Structures are given as structure tokens and as C-alpha cells.
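Here are some notes for a colleague opening this structure. Please read them with the sequence and the 3D view side by side.

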Amino acid sequence: MNSGESKLREINNLKKVSNIQTKEEIFRILSDKHLLDIYETISRAKRNGKTSQFMNHRREDFNFRTKIDGVNNSADLMRLWFVEIRNPNSNFLVLNKDGKKICLDEINTNVWNNQKFTTEYSWDASFSGCKHNGMPCNCLKIRKPLIDLSELN
Ligand SMILES: [Zn+2]
């Protein structure tokens with residue numbers, strides 16, 4: 001390696017360090033690029049009577065230089081983003097063409113982190129529990145009590 005190359009490598013390394021992105025920057029990018037698309041795919045599946053939809057995403061789309069606590073890979077980042085965009089008060093929601101705020105509340109997500117980077121989206125209202133035994137989904141892991149407790153008082 002000549003000194004020119006070594007200098008270039010040094011500059012590139014510096015650039016990388018300064019390219020570390022904050023959670024806010026990344027969430028904005030992810031919402032702008034993916035939220036409406038995911039929402040519309042889910043809406044289409046709902047209209048067709050389905051209660052779940054699988055989508056293969058691009059792992060690279062969720063790969064950022066960042067130092068967010070607990071985020072070590074694309075799947076971690078995607079799961080964290082889902083927590084954010086399920087919150088109706090999030091600052092990282094987007095508007096659709098009718099000006100409606102798009103949020104994934106009431107949508108359960110399960111990022112498989114497999115080869116095809118599949119995510120399972122589900123919204124079966126007739127089933128209140130979680131079907132993803134031991135998997136890192138974000139279902140509310142609460143089953144409705146089978147007995148109405150008020151009757152026992
Ligand atoms: Zn689940």
C-alpha cells in the first residue's frame with residue numbers, strides 16, 4: 001500500500017465513524033421508505049379476508065451504522081422500529097395520500113431473521129394470545145381470562 005492509498009483508507013474510516021446514525025435518523029428513513037408500503041400490503045390482505053401476511057424485506061434496508069442499545073443486527077433494528085410505529089403517538093408515522101396517519105397499531109409482527117428476511121404480520125382479533133412460542137415477536141403476550149373474574153366476587 002502506498003501512502004496515497006493509506007491516506008485514502010484513513011479518510012474512509014473517518015467518514016464511517018462520522019456516518020453513525022442516530023435512532024431518530026434511522027426511524028425517519030425506515031418510516032419514509034417502508035411504512036406505507038407495509039401498511040398497504042396488510043390492508044390488501046385484510047380486504048382479501050386474510051388474518052396474516054408474510055413479507056420478505058431486504059436485510060440491507062435495515063442495516064445501518066449505529067450504536068443503539070440492544071441493536072446488533074438488521075432484525076434487532078427492525079423489531080425496535082416496529083415497537084415505535086405501533087405507537088399511535090409516535091413521531092415517526094407517515095401520512096397516506098388522503099392525509100391519514102399510518103400506524104401499525106393492532107398489528108403483531110414477528111421478524112424471523114431467516115435467509116429471506118421474512119416478517120410475519122398478523123391481526124387475528126378472534127385470538128387474543130400469541131402463537132409464536134418462544135419467538136421474538138411483539139404480540140402482547142396476554143391471554144384474555146377464560147373466566148370473567150367479576151363473577152367470582
Ligand atoms: Zn407472538
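1. In which loop does Glu106 lie? Glu106 sits in the loop between β3 (101-102) and β4. Its phi is positive, about 70 degrees, although Glu106 is not a glycine. Is Glu106 buried or exposed? Glu106 counts as exposed, because it has 10 other C-beta atoms within 10 Å and the limit for exposed is 12 or fewer.

2. A word on confidence. This is a predicted model. The mean pLDDT of the chain is 86. Of its residues, 80% reach 70 or more. One stretch calls for care. Over residues 142-149, pLDDT stays under 50. For that stretch the model has three contacts beyond four places in sequence.

3. Now the overall layout. The chain has three helices and five strands. Along the sequence they follow the pattern α-α-β-α-β-β-β-β. The chain has 153 residues, and 15% of them count as buried. Take the contacts between residues at least 6 apart in sequence: 55% of them join residues at least 24 apart.

4. Next, the sheet. Three strands form an open sheet, in the order β1-β5-β4. Their pairing is antiparallel. Which strands are at the edges? They are β1 (52-56) and β4, each of which pairs on one side only. From one strand to the next, the twist averages 20 degrees.

5. Helix α2 goes with this sheet. It covers residues 23-47 and lies across β1 and β5. Its direction is at about 145 degrees to β1.

6. Look closely at β4, residues 108-111. Both of its faces are covered. Asn108 and Asn110 are buried on one side. Thr109 and Val111 are buried on the other. How many bridges join β4 to β5? There are four, and the two strands run antiparallel. Strand β5 spans residues 118-122. Within β5, Glu120 is the bridge partner of Asn110.

7. The hairpin of β4 and β5 has six residues between the strands. Asn113 belongs to the loop between these two strands. Asn113 is not a glycine, yet it has a positive phi of about 55 degrees. How does its burial come out? Asn113 is partly exposed, because it has 17 C-beta neighbours inside 10 Å, and a residue needs 20 or more to be buried.

8. On to the core. The largest nonpolar core has 14 residues. Which of them touch the most other members? They are Leu77, Met78, Trp81, Phe82 and Ile85. The elements giving two or more residues to this core are α2 and α3 (74-85). Helix α2 gives the most, with six residues. In soluble globular proteins, nonpolar side chains tend to be buried together.

9. Which residues of α3 are buried? They are Leu77, Met78, Arg79, Trp81, Phe82 and Ile85. An α-helix has 3.6 residues a turn, so residues three or four places apart point the same way. The buried residues of α3 pack against α2 and β4.

10. Leaving aside residues up to four places away in sequence, Phe82 touches Leu104, Thr109 and Asn138. Thr109 is one of the buried residues of β4.

11. Last, Leu36. Its place is in helix α2. Leu36 and Leu104 are 68 residues apart along the chain. Their C-alpha atoms are separated by 9.9 Å.

Note on methods:
Residues are numbered from 1 along each chain as its sequence is written. Two strands pair if DSSP finds at least two bridges between them. Axes are lines fitted to C-alpha atoms, for helices over the stretch in contact, and angles run from 0 to 180 degrees between N-to-C directions. Two residues are in contact if their C-beta atoms, placed from the backbone, lie within 7 Å. A nonpolar core is a set of buried Ala, Val, Leu, Ile, Met, Phe, Trp, Tyr and Cys residues joined through C-beta atoms within 7 Å. pLDDT is the predictor's confidence in each residue, from 0 to 100.
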